[in-house]
Amino acid sequence: MTNSNAQTSVVPRAEHIRPYQVLLIPDSFGEDVRFFMPEPQAWGSLTTIESMMLLKLMRIVNPQKVFEFGTFKGLTTRLLLDNLSDDYDGSQRLYTLDLPDLDGITFQGADLAVASQSIGFKRKYLTSARKDWVKQLLQDSMTLNGDDYGKQFQFIFVDANHELNYVKRDTENSLRMLADAPSCIVWHDYGNPEFPELTQYLDELSQELKIYRIEDTMLAFHLLGHEVAPRRT
Ligand SMILES: C[S@@+](CC[C@H](N)C(=O)[O-])C[C@H]1O[C@@H](n2cnc3c(N)ncnc32)[C@H](O)[C@@H]1O
């Protein structure tokens, strides 16, 4: 028997979409991409499908400037760098931020192990012919002031410290730093069981901000100026 007086509370959630719904969004690039296969044992960076999805989202907005929270080994930095269009002046178009050291930082899950590998690593983007387009910032993202970069970036990737306070800070800063449409913020680790509060935070944020989660990945995104393709029934 059902109780007709029972209140059904709707839990907010990012809209879950299939990868093809992203691939179907038009972009102004040709068929060529420069791609790097992830090493089979690599961890702490993106999977192959996540890299493709991130790249597609970047092509959709064709950013003049990109900001990455969490450089790590610089694999994703290199991927984004080598696929930027040359429609714009090349100087310092890709800002990427990571820690100078581990002092005073709180970590959750495997983040401490990942951060330890990152310190002093010879980052992959340094092998790119476009390495001078990169501005490497070495600071705790908690000390970043997004207002210093107000509306400067068309594409922002949030993948640094996954503990809730850092994710909130990085997200709030990203919203200040995000340029007008077309533009996009992408988060990594949505749905990662190591960071349940991150997923809950993005789900709650989806009440104020349209957020999509791409199934088969741990990517979530907020896209301005383009429509996501409808789901096939
Ligand atoms: C998961 S890795 C980034 C992976 C990278 N985006 C990729 O796709 O290859 C997270 C990085 O965030 C950095 N990190 C952790 N806490 C941070 C903080 N408070 N401020 C800035 N960077 C931080 C770590 O040192 C680590 O390199």
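**Strands and ligand shell of a predicted model**

Student: In S3, which residue is the bridge partner of Phe69?
Tutor: This is a predicted model, in which local features need pLDDT of at least 70 and side-chain atom pairs count only at pLDDT 80 or more, while totals for chains, interfaces and linings use all residues. Residues are numbered from 1 along each chain as its sequence is written. S2 and S3 pair (DSSP finds at least two bridges between them) in the parallel sense over four bridges. In S3, Phe69 has as its bridge partner Leu97.

Student: Are the faces of strand S2 buried or exposed?
Tutor: A residue is buried if 20 or more other C-beta atoms, placed from the backbone, lie within 10 Å of its own, exposed if 12 or fewer, and partly exposed in between. Val66 and Glu68 lie on one side of S2, and Phe67 and Phe69 on the other. Both faces are covered, and these four residues are all buried.

Student: Which element gives the most to the shell around the ligand?
Tutor: The ligand is surrounded by 24 residues, each with its C-beta atom, placed from the backbone, within 6 Å. Helix H3 (75-82), strand S3 (94-98) and helix H4 (111-118) each give two or more. With four residues, the element that gives the most is H4.
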